[in-house]
Amino acid sequence: MKLMGQQVVGVKTDKSGQQTFRAVDPASGKQIPPDFSAATFGAIELAVQGAENAFDHYRQISYQSRAAFLMRIGSQLESNGKHIVSRAQRETGLPKARLENELNRTVNQFRLFSSLVKTGSWLEIEIEQSHPLREPQPKPDLRRRMIGLGPVAVFGASNFPLAFSVPGGDTASALAAGCTVVAKGHPAHPGTSELAAQAILLAMAESNVPEGTFSLIQGPDYNIGRALVSHPSIKAVAFTGSHQGGRALFNLAMSREEPIPVYAEMGSTNPMFMLPKILENDYELLASRFVQSLTLGVGQFCTNPGLIVAIDSPALENFIATSIRFLDMQAEGIMLHSGIKQNYQCRLSRWRDLPSTHVLFDKKGETDACAVNPAFFQVSSKSWLENPLYKEEVFGPAGLVVACGSIEELFEVARQLPGQLTASLHGAEDDLSRFRDLVPILERKAGRILCNDFPTGVEVCSPMVHGGPYPASTDSRSTSVGPLAIRRFLRPVCYQNFHLDILPDDLR
Ligand code: NAP
């Protein structure tokens, strides 16, 4: 595979755009060749038209062929993995081992959806036969199955250049549902996106799938993504990224003449409730695991545990002092791109500047272009409840302790939490039974609730939920990880009194 700096539109490439952009090495701040041409509106039109034209053919190929296509994508990603990982390393600054793991996970996602397609369980078939003699009225023959929504626009985030980007779970689940995909690559890793798209194209060439089933468009301009979401042939949007981006695209989709579903997975502060007994007994271990989870990947995980809620006590003070000691041992980390670093610093200074914020740890003097240090702040539950700024995600290795004056205040903080991807309870046995009423509150707040565990690391498997009430996502009924993710791109169709000749095979 060779990087061309082009759009991948159907089986063709397009380099007609005048505007060009380059990836930037986050460590040095230097540009990395080659030039990538930004998509023109003509290229976007071609990609979406291709996806529309391919949809009816692609969704009707046999499920065996669809499953084989997904397997081949996994194999192509795997066999071109070295090349993809090495480009991703340069574009993101993420370590090789982390990217190799992410590639593995990405390949496995395609394999998981391939197996799912073969089972047919996702069709959710229901059949009720007719009762012509039923009184007072005869009952018709009714059969239901799920079908794909149509062409899907996929937006990837910068912090997972593979698993939540062009070849990520959104693309895999949309293709599994029988939808065609137009992916909008993140401008922070254009080479990684192009190489992944080339792997998908190679799999298309080996499979019986029509041209246009998958396309990639790229460019550094929001207008590209906006044009994609506004296109009448796009029938759903899958987005992983910031709250601002997800919300902007959601609003745009709702203002279309035909509104369409937007599955935006956005940020989260991932609160952790540290209960009194466990803090007293295990503050050292908790602090070490907390700092590890907070600083993992320079805090650039949507499941980063940014909020600690606990009752003010000497045990909490011990936990804080130990955490500071561990934070002080951390080397600075390099963020994915300058935009993320600026955002991190800007949001930190908004917290820092509030008189109610108590700064616990705040090291400065970063050396590299995108380098940052972790930060750790404290606030009283009263101030946290009063000021909405404390409830926003600070994307990066920033932790905020909410010190509660009483059990009632701790429960009030839980009740006032905005929607989250995760919420964690840390408690000794006594704590867990004493604070069991937190569980129904947290069920209403988060997609995944953890007990004595840390939220970073999202297992790809059936029970997983990676989503949550707004603002964690724009549709709390969905998950972007695990087999259930396919549901986002399906809709039910009921067939009434259908003649056998024209009844879809699935329903016979
Ligand atoms: P981002 O800046 O929102 O970018 C994501 C994509 O959306 C990019 O292609 C971007 O295009 C596009 N975009 C953003 N704003 C837009 C707008 N107003 N109009 C049109 N397109 C727009 O996100 P990021 O910085 O890569 O990722 C960091 C964020 O993602 C964090 O908040 C993190 O918590 C969240 N995240 C969530 C999950 C999850 O599963 N829930 C996973 C990973 C990350 P341009 O780059 O061209 O602007």
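## Exercises on a predicted model

Phe214 has its place in strand 9 (residues 214-217).

**Exercise 1.** Determine whether Phe214 is buried or exposed, and list what Phe214 touches.

*Solution.* Step one is the accessibility: the relative accessible area of Phe214 is 0%. Buried means under 20%, so Phe214 counts as buried. Step two is the contact list. Leaving aside residues up to four places away in sequence, Phe214 touches Gly10, Val166, Thr171, Val181, Ala183, Ala197, Ile200, Leu201 and Met204. Step three looks along the chain: Gly50 is 164 residues apart from Phe214, and their C-alpha atoms are separated by 8.5 Å.

**Exercise 2.** Locate His189 and find which residues it touches.

*Solution.* Begin with the secondary structure: His189 sits in the loop between strand 8 (181-184) and helix 6 (190-206). Next, check the accessibility; His189 is buried, at a relative accessible area of 0%. Finally, with residues up to four places away in sequence not counted, the residues that His189 touches are Glu91, Thr92, Ala157, Ser158, Pro161 and Ser165.

**Exercise 3.** Work out the strand order of the open three-stranded sheet and say which strands stand at its edges.

*Solution.* Take the pairings one at a time. Strand 5 (residues 126-128) pairs with strand 6 in the antiparallel sense over three bridges. Put together, the order is 5-6-21 with antiparallel pairing. Strand 5 and strand 21 stand at the edges with a single partner strand each, so one side of each has no neighbour in the sheet. From one strand to the next, the twist averages 25°. As for strand 6 (residues 142-148), five of its seven residues are buried, so this strand is largely enclosed by the rest of the structure.

**Exercise 4.** Describe the open sheet of seven strands and name helices that pack on it.

*Solution.* First write down the order, which is 15-17-18-13-12-19-20, with mixed pairing. The edges belong to strand 15 (358-362) and strand 20 (446-451); each has a single partner strand, so one side of each is left without a neighbour in the sheet. Neighbouring strands are turned by 20° against each other on average, direction ignored.

Now pick one pair inside the order. Strand 13 (residues 307-311) and strand 18 (residues 398-404) run parallel and share five bridges, and Ala310 has Ala403 in strand 18 as its bridge partner.

Helix 9 (residues 276-295) lies across strand 12 (271-274), strand 13, strand 17 (375-380), strand 18 and strand 19 (420-426), and runs at about 155° to strand 12.

**Exercise 5.** Identify the buried residues of helix 13 and elements that cover them.

*Solution.* In helix 13 (residues 407-416), the buried residues include Glu409, Leu410, Phe411, Val413 and Ala414. Their cover includes strand 12, strand 13 and strand 18, together with helix 12 (381-386) and helix 15 (438-443).

**Exercise 6.** Characterise the contact between domain 1 and domain 2.

*Solution.* The domain assignment gives domain 1 as 11-122 + 145-266 + 473-507 and domain 2 as 271-451. Their C-alpha centres lie 33 Å apart, and the contact takes 16 residues from domain 1 and 14 residues from domain 2.

Turn next to the area. About 1100 Å² is buried between the two domains, and carbon and sulfur atoms give 59% of that. On the side of domain 1, Pro26, Ala27 and Asn159 supply 37% of the area buried against domain 2, more than any other three residues.

Conventions. Residues are numbered from 1 along each chain as its sequence is written. This is a predicted model: local features need pLDDT of at least 70, side-chain atom pairs count only at pLDDT 80 or more; totals for chains, interfaces and linings use all residues. Side-chain values use heavy atoms; hydrogens and water are left out. Two strands pair if DSSP finds at least two bridges between them. Helices (H or I, at least four residues) and strands (E, at least two) are DSSP runs, numbered from the N terminus. Axes are lines fitted to C-alpha atoms, for helices over the stretch in contact, and angles run from 0 to 180 degrees between N-to-C directions. Contact means heavy atoms within 4.5 Å. Buried means under 20% relative accessible area, exposed over 50%, partly exposed in between (1.4 Å probe, protein chains only). Domain bounds come from an automatic or database domain assignment. Buried area is the accessible area (1.4 Å probe) that two parts lose on being put together, summed over both.
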